[in-house]
Amino acid sequence: MMTITVWSDFACPYCYIGEARLEKAVEELGMTDDVKIDYRAFELDPGAPRQVTTTTPERFAMKYRLSVPEAEAQIEHISALGREEGIDFRYATTRYSNTFDAHRLMKLAEAEYDYATVTKLNHLLFDAYFTRNLVLADRDVLVSVATEAGMDEAKVKAVLDSDRFADDVRFDEREAQMRGVRGVPYMVFNGEFAVPGALSADAMKEALRRAERRMKEAEDAAPAEERPHACGPEGCVL
């Protein structure tokens, strides 16, 4: 099984686009049953407010020192990239807020649910932000999205009413920092090489093929008859 570790944020347009391209590449190569995505948290703005305070064009213009019409044009360009991947991308009307609790719910899903639920929650959180334009810091929104993914409402509410999984989110972010990650999406294929950014589906395919070749080379290099030296609860291999 190939593992692709992906650092991303639900308020990041290129993360949504990049993951869509990755999934498309996996499907087109017929590797759906051979690839697992390990989702990691990365907040683009840990200090983002819990309440919506600006429109996306206004915030975009301020951040990149553009006029509002220039910002709207750039936002539409990014939205068009999303629509090319089959996403009903509505970036201009997103409602910017803090994503920390959304990442905590992903950790709950990973800890207590199967991979299908984790993947569904990931998709729904992106959809909630970029298509339905919901406020991801809103408790009721998060409860609704998580239950739509098949998670237990009482468990979801209990997590949101606590600080559970906060350390797990911060662990992911510290690891990203140690790796020198400055932007997302950031993908690591089988722990061997990184693909930063939302590359095209064709480039994703090449990365998948490269990781698959490396896996096969490693298998071929291992002596078939050699017993691995390892220790377990019952003792060590002699």
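Modeller: Exposed here means over 50% relative accessible area. This is a predicted model.

Biologist: Fine. Is Asp 163 buried or exposed, then?

Modeller: Asp 163 has 63% relative accessibility, so it counts as exposed.

Biologist: Where is Asp 163 placed?

Modeller: Asp 163 sits in the loop that lies between helix 7 (153-160) and helix 8.

Biologist: And how many Å separate the C-alpha atoms of Asp 163 and Arg 104?

Modeller: The separation is 8.7 Å, with the two residues 59 residues apart along the chain.

Biologist: In which sense do strand 1 and strand 3 pair?

Modeller: Antiparallel, over 4 bridges, with strand 1 at residues 2-8 and strand 3 at residues 186-189. In strand 3, Val 188 is opposite Thr 5.

Biologist: Now the helix pairs. How do helix 1 and helix 3 pack?

Modeller: Helix 1 (residues 13-28) and helix 3 (residues 68-84) have axes 9 Å apart, at an angle of about 20 degrees. That angle makes helix 1 roughly parallel to helix 3, and their crossing is left-handed.

Biologist: Which residues make that contact?

Modeller: Helix 1 contributes Pro 13, Tyr 14, Ile 17 and Arg 21, while helix 3 contributes Ile 78, Leu 81 and Gly 82. By class, the contact of helix 1 with helix 3 has 5 nonpolar, 1 polar and 1 charged residues.

Biologist: And how do helix 1 and helix 5 cross?

Modeller: They cross at roughly 135 degrees, and their axes come within 11 Å. Helix 1 and helix 5 are therefore oblique to each other. The crossing of helix 1 and helix 5 is left-handed.

Biologist: What residues are in that one?

Modeller: From helix 1, Pro 13, Cys 15, Tyr 16, Glu 19 and Glu 23; from helix 5, Asn 122, His 123, Phe 126, Asp 127 and Phe 130. The contact of helix 1 with helix 5 divides into 5 nonpolar, 2 polar and 3 charged residues.

Note on methods
Residues are numbered from 1 along each chain as its sequence is written. This is a predicted model: local features need pLDDT of at least 70, side-chain atom pairs count only at pLDDT 80 or more; totals for chains, interfaces and linings use all residues. Side-chain values use heavy atoms; hydrogens and water are left out. Axes are lines fitted to C-alpha atoms, for helices over the stretch in contact, and angles run from 0 to 180 degrees between N-to-C directions. Helices (H or I, at least four residues) and strands (E, at least two) are DSSP runs, numbered from the N terminus. Angles under 35 degrees count as roughly parallel, over 145 as roughly antiparallel, 65 to 115 as roughly perpendicular and the rest as oblique. A crossing is left-handed if the near helix is turned anticlockwise from the far one by less than a right angle, and right-handed if clockwise. Contact means heavy atoms within 4.5 Å. Ala, Val, Leu, Ile, Met, Phe, Trp, Tyr, Cys and Pro count as nonpolar, Asp, Glu, Lys and Arg as charged, and the others, Gly among them, as polar. Two strands pair if DSSP finds at least two bridges between them. Buried means under 20% relative accessible area, exposed over 50%, partly exposed in between (1.4 Å probe, protein chains only).
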